[in-house]
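Hello,

Here is the structure I promised to pass on to you. My notes on what turned up in it follow below.

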Amino acid sequence: MTDRGGVLAAATGAEALSTELPVGRSTGWWGMVMFVATEATLFACLLGSYFYLRFQYGPQWPPDGIEDPKLLKPLVMTAVLLPSSLPVVWAEHGIRRGQRWRLRAGLTATLLLGATFLTLQATEYAEKLKHFTMTTDVYGSLFYLITGFHGLHVLVGLTMIGWLLAASLRGGSFGAHRHDRVRNAAIYWHFVDLVWIAILFTIYLSPRL
Amino acid sequence: MSTTTTPSPGISREDLTRLGAHWGEPASLRSWFTTVDHKRIGRRYLVTAGFFFVLAGLSALVMRTQLARPEAGVVSPQQYNQLFTMHGTAMIFLFATPMLFGFGNFLVPLMIGSRDMAFPRLNAFGYWVFLFAGLFMWASLPFGAAPNNGWFAYAPLSSEAHNPGLHMDVYALGLLFLGISTTSASINFIVTALKLRAPGMSLNRVPLFVWAIVATAFMVIFALPALNLDNAMLFLDRRFGTHFFDPSAGGNVLLWQHLFWIFGHPDVYIIVMPALGIVSAVLPAFTRRGVVGYPLIVLSIVSISIISFGVWVHHMFATGLPQLSYSFFSAASTIITIPSGIQIFAWLATMALGRLVLRVPLLFVIGFIVTFVLGGFTGAMFALTAFDQQVTDSYFVVAHFHYVLIGGAVFPMLAGLYYWLPKISGRMYHERLGRWAFWLVFAGMHVTFFPMHLYGLFGMPRRVYTYRSEPGWDGWNLVSTAGSYLLAVGLLLVLVGVLHALLRGRPAPGDPWEGDSLEWATASPPEPYNFPVLPRVHSLHPAWDARTAESTTTGATADRILSAGRRTLVTSELDAHRERAVEMPESSVKPLLLAGALLVLFTSLLFAWYPVAAVAALIVAATIAVWLWPPRRPDEELGVVA
């Protein structure tokens, strides 16, 4: 317990000078972690529904007329998306030391990798839509809902990254004492990345088991 | 012990003026739309949820009128379907949870000795979304387009082929819309309780009501996504031709039920748990002692919130799932009665060991115990698969869950209403009026719902819009209808009592009950900044504790007055060690704008105006981007090297 008397002492004391320094986990950190927890539960329900419908369907999966998903493109997409977390980590560590250039460079790299992922997904959709759509059967419904929902999350994550980049290019936004927003967006981006692994396993690998 | 705005030994007049200037809001129309004060928002939740309660209650009265006599023609079957669906949906989603979140919004910051919620603007946003989602759903009723599939909307009856029209689109979109509010409020409660507790309020000193709200919020975080996914799939199936619940293309109707009850059973506790928290908060003041077995109650709260995720199949005992799963879920459903029982016995012990002060809030607590235990008995009967299969979809089920929900949620809410009305409004209620209201509500509730056990066992199915005279259900139905009018009169008296208190009640002192938690250590109604001096907590019953009281008077320090800005304290998660003072956001119109943009988005999805929906989605994204845009600061303050 720090007992100090008087308003003057409070205005000039260590309290007033240290208020902006991050101490402990901030409310923003907890808020983002809870948001990611509820989002992760949503994906768990999605993938759970996939397996439920698949095992209720019968031995033949995907259903007749739909080939097993090809692996090459999803693996390339994985190779693009997973490493995209590294520049974010690097950028975040940079801004914690007040290095603005690292923030800008790291965010740009992630933005490019994420956009590449979405482009690859678009080409994959263009190819798949010739064979089946989400109204073909329940497999199509699941495939487009799960991958589309993840793609939407990548888009939201990219919007966050682009927003951070815009704010950091303007200047006066982030520094060693002010990087809550960078860290929160980073948590979200890592989450979007990790969920992709679960989707890769469920949608692309599990039908081959 | 209460603090008022007159300067106390601990705080100077200048500090009070500064606090008033930083936290106060002018009484203008603009401030009405932009406020972020948790007390105003909490009051709004209470009033709005009360309004939806009245609408849902009136729907029930129409149904009871229709059922008073066999083969009556008050409403058509189609109207009846919409009435019982809106009654259930509104009571569960638009009344019970928001009403309890209203209590939480008003009380949690006061109980933990903080000046606001962790995210005040998110809080305001959550309220506007709740209001808009509620209006969105109710607005469909006058057009004859209200949901009509029962509150749990089973597939395949909810599919486009079997249920054309907007009915179930309103349901799916309305609940998705509302889910945004519930989720954001839950995150806010968790973070507030973890980070904004007054210094010294370690986890073992957190009031039971706050424990209950936090456990509830965690259940929402992990249960609500299942419902959201279910509704998203339903909307896609209906509108865009997917096949999740369509067996002819490989889908499965039971997927709906699994996902719905994975949400739905925790939801029973999402409703009941904070209400039980109210009981634990009300009892100390009227038994003149702390609740017996604090650690046991906390453990019960936590274990209920975990076990509640493992009992959902007991809602599906009649669907033909494997026997083994029935045995598992039957056992789990039996086990969950143990922590519930622990809480009941702890309250009984508190009353047995304490000195009872028989005022209206305690009457409602006693009414709660009687009614809730009866509902619990029939609940334990449902855990037995064989019995469940006999009475499923009969009025016995209706009797059971009204005993649980009116007993377990409405009675505690009314206890809380009378208990905290002096704090919320600064006015005392009329005691005799309150007693009349209690006895009418109590009698009305049992006269309405007890006979339902009987005609349920006699075979009357639920959700029938009428019945024939032959099975002999007429007399009991008439009794139920009479009881429902009695209940309505009782609830009307509650409303009269509240209005009477607001208009004519005598002014309430800061601590009319000599209560034990921190909301009684401040003025009634509290100042916008809640506490002139943030307390330093020394025990589980801070308002009964001389050292805590001293910390806000003679022991006050500048680092707990924080009058130099709109500030409150952040403390560590477990031990509530002081970490730092933080600047809190000021009022803003952005929460309202964002909620309005979402309303446009969901309305245009409902009417299939997809280009409008796309524009609304862009406005939503832009509003969030502007809302969170970092303010420009000089490089020295930011700490930038290059």
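**Where the two chains meet**

The contact draws 54 residues from chain A and 52 residues from chain B. Please keep in mind that this is a predicted model. On the side of chain A that touches chain B, helix 1 (7-12), helix 2 (14-18), helix 3 (27-57), helix 6 (100-128) and helix 7 (138-170) of chain A each supply at least two residues. Helix 3 of chain A gives the largest share, with 16 residues. Sorted by class, this side of chain A has 26 nonpolar, 20 polar and 8 charged residues.

**A helix pair in chain B**

Helix 8 of chain B brings B:Tyr269, B:Met273 and B:Ser280 to the contact, while helix 9 of chain B brings B:Ile297, B:Ile301, B:Ile304 and B:Ser305. By class, that contact has 5 nonpolar, 2 polar and no charged residues.

**A hairpin in chain B**

Strand 1 (residues 567-571) of chain B is antiparallel to strand 2 (residues 578-583) of chain B, and 5 bridges join them. One of the bridge pairings is B:Leu569 with B:Ala581. The two strands form a hairpin with 6 residues between them, and B:Ala576 in the turn has a positive phi of about 55 degrees. In strand 1 of chain B, 5 of the 5 residues are buried, so the strand is largely enclosed by the rest of the structure.

Best wishes

Key:
Residues numbered from 1 in each chain as written. Chains lettered and ligands numbered in written order. Predicted model: local features only at pLDDT ≥ 70, side-chain atom pairs only at ≥ 80, totals over all residues. Contact = placed C-beta atoms within 7 Å. Helix = DSSP H or I, 4+ residues; strand = E, 2+ residues; numbered from the N terminus. Nonpolar A, V, L, I, M, F, W, Y, C, P; charged D, E, K, R; others polar. Buried ≥ 20, exposed ≤ 12 C-beta atoms within 10 Å, placed from the backbone. Pairing = 2+ DSSP bridges.
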